[in-house]
Amino acid sequence: MSQELTSLLDLLDLERVEQDIFRGSSRASVVPRVFGGQVAAQALVAACRTVPEGRLPHSLHAYFLRSGDPGAPIVYTVDRIRDGRSFTTRRVVGVQHGQPIFHLSASFQVYEEGMEHQEAMPSAPDPETLPTAQDMLPRYHGLFTDPQVPERLLRARAAVDLRYVEAPPFASVGSPSEPRSQVWFRTNGKLDGISDDPMLHICLATYVSDMTLLDSVLLAHGRGGWAVGDVVGASLDHAMWFHRPFRADEWLLYDQESPTAQGGRGLAKGRIFTRDGRLVVSVIQEGVVRVPRSEGGNASGRAGAQPASPAAAST
């Protein structure tokens with residue numbers, strides 16, 4: 001297991017403060033605030049630790065309320081809303097400096113047999129034929145307003161092997177295209193010794209799901225995102241449905257598209273497939289996506305709004 005993956009697993013291993021209260025730390029991000037996928041994954045970990053054995057998450061719905069301070073711990077308080085015969089419901093609030101920064105509701109279910117159908121997996125090239133982030137980012141070095149951006153991106157995503165099927169938004173500035181994006185991803189190393197814990201794989205997929213989801217919104221308008229300084233934004237809400245078992249240390253295809261953008265907000269939908277074509281996760285996110293004031297856009301908004309990354313992924 002790589003050092004970077006070990007560090008990510010440590011990040012998700014929350015400290016239990018009281019029976020239903022947990023504390024988590026943060027890691028370096030590509031913007032000066034806590035990465036939204038981290039907060040969502042940590043909140044889900046907190047919920048999972050209060051659920052009866054044998055029940056796995058089947059859905060989560062979350063709101064990013066305030067920007068997170070990466071220099072301060074986040075305290076997660078879990079409310080045990082309901083424990084039924086088949087389903088369990090939990091509510092989690094993440095707090096920093098005495099204020100809520102994140103709210104999550106998650107539902108868990110005991111495994112049962114049922115009707116089966118799914119959408120077909122879209123076509124995509126084999127992940128091994130695509131460039132790694134280390135190979136891809138230097139090609140676009142001249143596009144970034146800050147020459148340290150490539151290194152910050154590599155460092156922030158070091159625990160994940162994420163490969164774009166087509167060029168990322170920051171490589172297509174000024175050229176609007178179809179509002180669709182695809183990436184392959186897996187953890188950067190096998191999950192030795194703990195790879196059979198399905199909760200862990202679900203929480204890791206939650207972490208990654210916020211990295212690239214709003215790419216399709218940016219592509220539709222020829223915007224490159226925070227890296228080139230032509231978008232101001234942040235994640236607003238995030239919803240996920242977990243359909244079938246999967247492993248986060250094996251290749252997963254993340255197929256993403258944007259059906260609409262309006263009112264300073266953009267909506268993106270994602271589907272995650274295993275390499276053999278099983279639909280395992282569905283994702284929907286809405287985020288603030290505005291042009292900067294220098295272009296005549298309204299860049300004001302909720303506290304802490306920052307230039308969005310290609311993922312626009314922060315609280």
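This is a predicted model: local features need pLDDT of at least 70, side-chain atom pairs count only at pLDDT 80 or more; totals for chains, interfaces and linings use all residues.
**Ground rules.** I number residues from 1 along each chain as its sequence is written, and I leave hydrogens and water out, so to speak, by using heavy atoms for side-chain values.

**Sheet.** I looked up the strands, which like the helices are DSSP runs numbered from the N terminus (strands are E, at least two residues; helices are H or I, at least four). Twelve strands form an open sheet with antiparallel pairing, in the order 1-2-4-5-6-3-9-12-11-10-8-7, where two strands pair if DSSP finds at least two bridges between them. Strand 1 (15–18) and strand 7 (160–164) stand at the edges with a single partner strand each, so one side of each has no neighbour in the sheet. From one strand to the next the twist averages 25°, taken between axes that are lines fitted to C-alpha atoms, with angles from 0 to 180 degrees between N-to-C directions.

**Aromatic pairs.** I counted rings of Phe, Tyr and Trp (its six-membered ring) as paired if their centres lie within 6.5 Å, with planes under 30 degrees apart called stacked, over 60 edge-to-face and the rest tilted. By this rule the count comes to four aromatic pairs. In one of them, phenylalanine 35 and tyrosine 207 have ring centres 5.2 Å apart and planes at 85°, so I noted the pair as edge-to-face. This pair links distant parts of the chain, 172 residues apart, with phenylalanine 35 in the loop between strand 2 (21–24) and helix 2 (36–48) and tyrosine 207 in helix 5 (residues 198–209). Both phenylalanine 35 and tyrosine 207 are buried, where buried means under 20% relative accessible area, exposed over 50% and partly exposed in between (1.4 Å probe, protein chains only). The rings of tryptophan 184 and tryptophan 251 are also edge-to-face, because their centres are 6.5 Å apart and their planes are at 85°. Tryptophan 184 and tryptophan 251 are both buried.

**Largest pocket.** I took a pocket as an open set of points on a 1 Å grid over the protein atoms alone, where a 1.4 Å probe fits, with protein on both sides within 12 Å along at least five of seven lines; lining residues have an atom within 4 Å of a point. The largest pocket holds about 880 Å³ of space. Its lining has 27 residues, and Gln109, Tyr111, Phe242, His243 and Arg244 lie nearest the centre. Strand 3 gives the most to this lining, with four residues.

**Single residues.** Histidine 97, in the loop between strand 5 (87–96) and strand 6, has a positive phi of about 50° although it is not a glycine. At 61% relative accessibility, histidine 97 counts as exposed. Alanine 239, in strand 9, is buried with a relative accessible area of 10%.

Definitions and conventions: Grid points are joined across faces, edges and corners, and a volume is the space filled by probe spheres set on the points.
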